[in-house]
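Hi everyone, and thanks for making the time today. I'd like to walk you through a structure that may be new to you, one piece after another. Let me put it on the screen.

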Amino acid sequence: MFFDSVRNNKRLVQIFLALIALPFAFWGVDSYVRGGGSGADLASVGDTKVTQQQFDQAWRVQQDRLRQALGDSFRPESMNTPAARLAVLNSLVDQRLLLLEAARGRLGASDEALREVIGRIPALQENGQFSMGRYQSALAAQGLSQAQFEAQIRQDLTLQELVSAIGDTGIAASTETARLLAIQSEERQVAEFRIAPDRFAGQVRIDEPALRKFYDENGKRFEITEQARVEYVLLSLDGVVAQTVVKDADVQAWYNSHLDRYQQAEERRASHILILTAGGEADQGKARAKAEEILKEVQKAPARFADLARQHSQDPGSAAKGGDLGVVARGTMVKPFEDAVFSLRENELSGIVQSEFGHHIIMVTAIRPGKQRGLAEVRPEIETELKQQAAQRRFAEEAEAFSNTVYEQPDGLQPAAERFKLKLQESGWLPRNPSPEALARLGQLGNAKALAAIFSEDSIKNKRNTEAIEVAPNTLLAARVIEHRPASVRPFEEVKRDIETALKAQGEAALARSAGEAQLTGLRQGVADTVAWTAPRKLSRQDVRQLSPAAAKAIFSADVQKLPAYVGAAAGDSGYVLYKIVKVMQPERLDEARRQALQREYAQILGQEDFAAYLTGLRQRYKIDINQAALERKER
């Protein structure tokens, strides 16, 4: 598949992921073109600088995105590597190059495009419509002015337009796509024969020196990691919310001052018959004429609207339902259709309504008038919002007091638990260096910083509280070690039998592979085929889920000019598998939908390659300096 091509081009993928993952805008177009501040700038691009402040913001944004995507599986230390820091910096350099090119070409987003994008942001809407009040509140919460935010959005739009202009131009030839699809669709009938290790049971002998040698050379396998049990408390925003009580008077006051938010807009249930338009004026004229004929039928018998929709409508989503579109609100449909729906009375029929999709015949089947939602109905929403607001303020105050308490009273967590009404919890045995799977099971205690604090010398020797550690957004943890086990190595006699079993299994698998390879050589040289093959099964490159990568590669790279063809593949501890290719088949015709999907995929790859080449050209055109020392010096 072409996805394999993308995966193999790691640099290309990294470029696109970086451009998508980080916001284009930080301080506005002007600051990019003029250059950043002074000091330990991390890079220069042409006459501009990438500052430490810009890098830090990009770093935080990337961490927040990964935290949201991965949840409890996110490990901050995974980003604290030279490669991760350089990847973030390179993404900023690429963005800076694009900004310079946009400025050089005097590219910019129009005011109309800017208004459209901001108006579509759900968080800035009330009842499906843009709300200036919400817009101003959201900007205030982020510490941004309207000019700053709109400059950032305008910059994003400009750069996205530049990226699309280059990346969306890939053209994949139909003949090349068809050839590749034919290769993918080719089927091979394959029989198999497995040579299992258990055929060689009892043929492998492991002496004491070999066991001892394996034990000495693989000591890490037999280590019992350092472990500790802790008591701990969690101070979280969710916990503060649960403790927060909202007064009835506050709920009433909020409701009275936000009545417009609780207006329920008018909704209508509508059905339609759609005749699609395509082609030139003649085709569109035919479509209109057909719609008018259907309209006459509906006007004669409005009660047959649903039957006529099933018979004539070309809308695949609603035709089978008698044209029923369900309940629609303003702002959810294209304008000509929406205008018609909200101008009709209940059970009234429209004339021909033309939209970008075609010709519609519309009937409104129900009207739900707009109304003011009462306080009783919206009380739970208001209480939740007020609790959240109050808890945010209280949590900010309590977080500092919590940190001070666990530090100033280091010999136990009971005082902090009592003061902040927290549950004092105990953990099971925590390993010092848990596997990724174990980390996921540890929950909040699986945080790398928390584990480092728990296994610090002060915590282990003096049994003192750790500092308050942020283990998740708005969540602080403090722990104290109550029991500790140092690292140790299991004695040889305890693991001797396990080692012997493992080495015997390895030896038997090796004998199976040797036997399989010898048998394969014989078959290829013309030795009589007396193998007890399984019944042949059809395999294609698109369906190799039941095969190992080694087996799939062997089968589909085999020379099939002369059949049967024989190949083999090692199956790890499961021995060796022989494969007999008895027939190769091409489909009689290629699936057109798959061909079109493959052509689109191929075109995207070509466009991505064009964009990568464009970025490479920009990097050659502008002087770029990376301050490697500053990048490595900053600890994160």
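**A walk through the model**

Let's begin in a loop: Thr466 sits between helix 20 (457–462) and strand 16 (469–472). Before I go further, please keep in mind that this is a predicted model. Now, is Thr466 buried or exposed? Thr466 is buried, because its relative accessible area is 5%, and the cut-off for buried is under 20%. Leaving aside residues up to four places away in sequence, Thr466 touches Val406, Ala453, Ile454, Ser459, Leu477, Ala478 and Ala479.

Strands 16 and 17 make a hairpin with 2 residues between them, and in the turn Asn474 has a positive phi of about 60°.

Let me step back for the overall view. The protein chain has 636 residues, and 40% of them count as buried. Its secondary structure comes to 24 helices and 22 strands. Take the contacts in the chain with a separation of 6 or more: 73% of them are between residues 24 or more positions apart.

Next, a sheet with helices packed on it. What is the order of its 4 strands? The order is 19-5-21-20, in an open sheet with antiparallel pairing. Strand 19 and strand 20 are the edge strands, each pairing on one side only. From one strand to the next, the twist averages 40°.

Inside this sheet, strand 5 and strand 21 pair over 9 bridges, in the antiparallel sense. As an example, Gln189 has Lys583 in strand 21 as its bridge partner. Strand 21 (residues 576–585) also runs antiparallel to strand 20 (residues 565–570), and 6 bridges join the two. There, Val567 stands opposite Tyr579 in strand 21. The hairpin of strand 20 and strand 21 has 5 residues between the strands, and Gly572 in this hairpin takes a positive phi near 60°. Strand 20 is mostly covered, with 5 of its 6 residues buried.

So what packs here? Helix 22 (residues 549–556) has these buried residues: Ala551, Ala552, Ala554, Ile555 and Phe556. They pack against strand 5 (187–195), strand 19 (537–540), strand 20 and strand 21. Helix 21 is involved with this sheet too: it lies across strand 5, strand 20 and strand 21, running at about 35° to strand 21.

Let's follow helix 21 to another partner. In general, two packed helices are described by the angle between their axes and the distance between the axes. For helix 10 (residues 208–217) and helix 21 (residues 492–524), the axes come within 10 Å and cross at roughly 105°. That makes helix 10 roughly perpendicular to helix 21. From helix 10, the residues in this contact are Glu208, Ala210, Leu211, Arg212, Phe214 and Tyr215, and they meet Phe492, Val495, Lys496, Ile499, Glu500 and Leu503 in helix 21. By type, the contact has 8 nonpolar residues, no polar ones and 4 charged ones.

Strand 1 (residues 43–45) pairs with strand 22 over 3 bridges, and Val45 stands opposite Ile624 in strand 22.

In the loop between strand 1 and strand 2 we find Asp47. Asp47 is exposed, with a relative accessible area of 73%. Asp47 and Tyr622 are 575 residues apart along the chain, yet their C-alpha atoms are separated by 8.9 Å.

One last stop: the cores. The largest nonpolar core has 27 residues, and Phe55, Leu89 and Leu98 touch the most other members. Strand 1 is one of the elements that give two or more residues to this core. Which element gives the largest share? Helix 5 does, with 9 residues. A second, separate core has 19 residues, including Val233, Leu235, Ala399 and Ala417.

Methods: Residues numbered from 1 in each chain as written. Predicted model: local features only at pLDDT ≥ 70, side-chain atom pairs only at ≥ 80, totals over all residues. Heavy atoms only, no water. Axes fitted to C-alpha atoms, helices over the stretch in contact; angles between N-to-C directions. Parallel < 35°, antiparallel > 145°, perpendicular 65-115°, else oblique. Contact = heavy atoms within 4.5 Å. Nonpolar A, V, L, I, M, F, W, Y, C, P; charged D, E, K, R; others polar. Pairing = 2+ DSSP bridges. Buried < 20%, exposed > 50% of the residue type's maximum accessible area, 1.4 Å probe, protein only. Core = buried A, V, L, I, M, F, W, Y, C linked by side-chain atoms within 4.5 Å.
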